[in-house]
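Visitor: Could you take me through this structure slowly, and tell me what stands behind each word you use?

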Amino acid sequence: MKKKHPLRRVVLAGAATVSGIVLLLSLKPATDPGSSPAAGAAAQQAAQGGTAAAASGAVTGDAAQTQYGAVQVRLTVDDGRITEAEAVQAPKGGQSDRITADAVPQLNRAAVTAQSADIDAVSGATFTSAGYKKSLQSAIDRMKAGAGASQGAGTAQVSGTFDGDAAQTQYGAVQVRITVSRNRITKAEAVRAPKGGRSDQITADAVPQLNQAVVARQSPGIDAVSGATYTSAGYKKSLQSAIDKANASAGAQGSGAQQGSEAPKAPEGSKAPEASGNAPAGGTFTGEAAQTQYGAVQVRITVSGGRITKAETVQAPKGGRSDQITADAVPQLNQAAVAAGSADIDAVSGATYTSDGYRESLQSALDRAGD
């Protein structure tokens, strides 16, 4: 899975949750695989009643649909300033791969330089640029809202132990546990890491460095360990999940939960969308149709008691060879979505494009479940 944040974004969507998250600004959550910071806290410098609120963290904008696919931007903020911008979704497949590879880095740099969505379109990437700016503006709007909420927030203290979701890597799963005391990460550890053969040595060398870096940095915005790229990326992804859960705990406190108590966990292996206010989501949600090289893929999920109970495709590639691929791949993807409770599922062998489109539409459905 490439940069689809499962339900983290869903949990952070509601204003009540944002207010709770801002209470954990000291955790400065920020990053995802690929050593690019990402986090569950919405933050940016904003003014309310004449007082500026400088904060740190990261926020993800809405996915902006374009003629060639969705564009979604995530911003990282440090002390009220945008320090990094990244596209967690961008058009792909065919000519779009080259355009995205050329345009997105330029747009990322421009966003950091301008500190706003008022940036120039990249020549030859008009649609991607327009989608990027739209999602960027959405992220900035959320930052301002989060900063404003932080000024009126109390000072609830969050403490507890939070296990991140296991992140699959090419060499095995990585799962991180953090210990939080009064809004500070006091300990980080890997409860799962790649092992066997050369992985034993890499894990023994890299994990202690990553653990130390988290405590020192207080966020997932840490550097990858040289020679352990995959382990580092998985570590940071799981760490982000753990911080998201700590943030959710902060939100629960704002809703009347006992201070210092950890938010209730969903059943093992079932990350479920939540509605604003941490209420379990329920209903049927249809994702956006994701365009692929062989046709559109659109996913519908049924959610009950905060759990995905059913996934189905209402559109899938058809005609010729696609009929066989769809018949084989879609049932596997549907089952995987229910089992994972998220869009973080493996592609089906021989159905790469269909799998990518399925996951994109599934993520859209999950986002809607959290609205």
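**Helix α3 and beyond**

Guide: Just after α3, Gln 115 takes a positive phi of about 55°. This is a predicted model, in which local features need pLDDT of at least 70 and side-chain atom pairs count only at pLDDT 80 or more, while totals for chains, interfaces and linings use all residues. Residues are numbered from 1 along each chain as its sequence is written, and side-chain values use heavy atoms, with hydrogens and water left out.

Visitor: How do you know what span to expect for helix α3?

Guide: The expected span is 1.5 Å times one less than the number of residues. For the 20 residues of α3, residues 95-114, that gives 28 Å, and because the end C-alpha atoms are 28 Å apart, the two values agree.

Visitor: Where does α3 bend?

Guide: α3 bends by about 25° at Ala 103, and Pro 105 follows within four residues; the bend is the angle between axes fitted to the seven residues ending at a residue and the seven starting there.

Visitor: Why is Thr 231 called buried?

Guide: Buried means under 20% relative accessible area, exposed means over 50%, and partly exposed lies in between, with a 1.4 Å probe and protein chains only. Thr 231, which lies in helix α6 (residues 229-254), has 6% relative accessibility and therefore counts as buried. Leaving aside residues up to four places away in sequence, Thr 231 touches Val 174, Pro 194 and Ile 202, where contact means heavy atoms within 4.5 Å.

Visitor: And why is Asp 141 called partly exposed?

Guide: Asp 141, in helix α4 (residues 126-151), has a relative accessible area of 40%, so Asp 141 is partly exposed. The C-alpha atoms of Asp 141 and Val 59 are separated by 9.7 Å, although these residues are 82 residues apart along the chain.

Visitor: Which residues in α3 are buried?

Guide: Among them are Ser 96, Thr 100, Ala 103 and Val 104. In the chain, buried residues make up 50% of the 371 residues.

How values were computed
Helices (H or I, at least four residues) and strands (E, at least two) are DSSP runs, numbered from the N terminus.
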